[in-house]
Amino acid sequence: MNFDEKIPAISVIVPMYNAEKFIGQCLQTVVNQTFNDFELIVVDDCSTDRSADIVDDFVKNGGGGGRSRGSSGCVRTPVARPFLAMSA
């Protein structure tokens, strides 16, 4: 983490596995909130459907900061305290 970055007030973590029917709406619901001091972390558990592509499209269209595939778990440790975990 760059120490010049502001730490968000909360981390919203969305675990995802084959959630192509719901992940787009889930992400849009999170970013539509009036409270916007948060980071949104999507954790893909090796989905075999189009879930990851939908998240990629969301990011490319201005819905988020980027994506990285890890071997398992979060891309990085959430930095905000507290954090909120959601299911898609």
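Tutor: Happy to walk through it with you. The protein chain exposes about 6000 Å², and carbon and sulfur atoms supply 51% of that area. Do keep in mind that this is a predicted model. Of the 88 residues in the protein chain, 27% are buried. The chain has two helices and three strands, and from the N terminus on these elements follow the order β-α-β-α-β. Among contacts with a separation of 6 or more, 82% are between residues 24 or more positions apart.

Now let's zoom in on glutamate 39. This residue belongs to strand S2, which covers residues 38-44. Glutamate 39 counts as buried because its relative accessibility is 9%, and the cut-off for buried is under 20%. The side chain of glutamate 39 also has a polar partner: it makes a polar contact with the side chain of serine 11, at 2.3 Å.

Last, the cysteines. Cysteine 26 has a relative accessible area of 10%, so it is buried too. Cysteine 46, by contrast, counts as exposed because its relative accessibility is 57%, and exposed means over 50%. A disulfide is a covalent bond that joins the sulfur atoms of two cysteines. The structure holds zero disulfides.

So, to return to your spot: glutamate 39 is buried, and its side chain is in polar contact with that of serine 11.

Notes:
Residues are numbered from 1 along each chain as its sequence is written. This is a predicted model: local features need pLDDT of at least 70, side-chain atom pairs count only at pLDDT 80 or more; totals for chains, interfaces and linings use all residues. Side-chain values use heavy atoms; hydrogens and water are left out. A disulfide is a pair of cysteine sulfur atoms within 2.5 Å. Buried means under 20% relative accessible area, exposed over 50%, partly exposed in between (1.4 Å probe, protein chains only). Helices (H or I, at least four residues) and strands (E, at least two) are DSSP runs, numbered from the N terminus. A polar contact is a pair of N or O atoms within 3.5 Å; within protein, one must be able to donate a hydrogen and the other to accept it, and residues adjacent in sequence count only if both atoms are side-chain atoms. Contact means heavy atoms within 4.5 Å. Accessible areas come from the Shrake-Rupley method with a 1.4 Å probe; for residues, only the protein chains shown count as cover.
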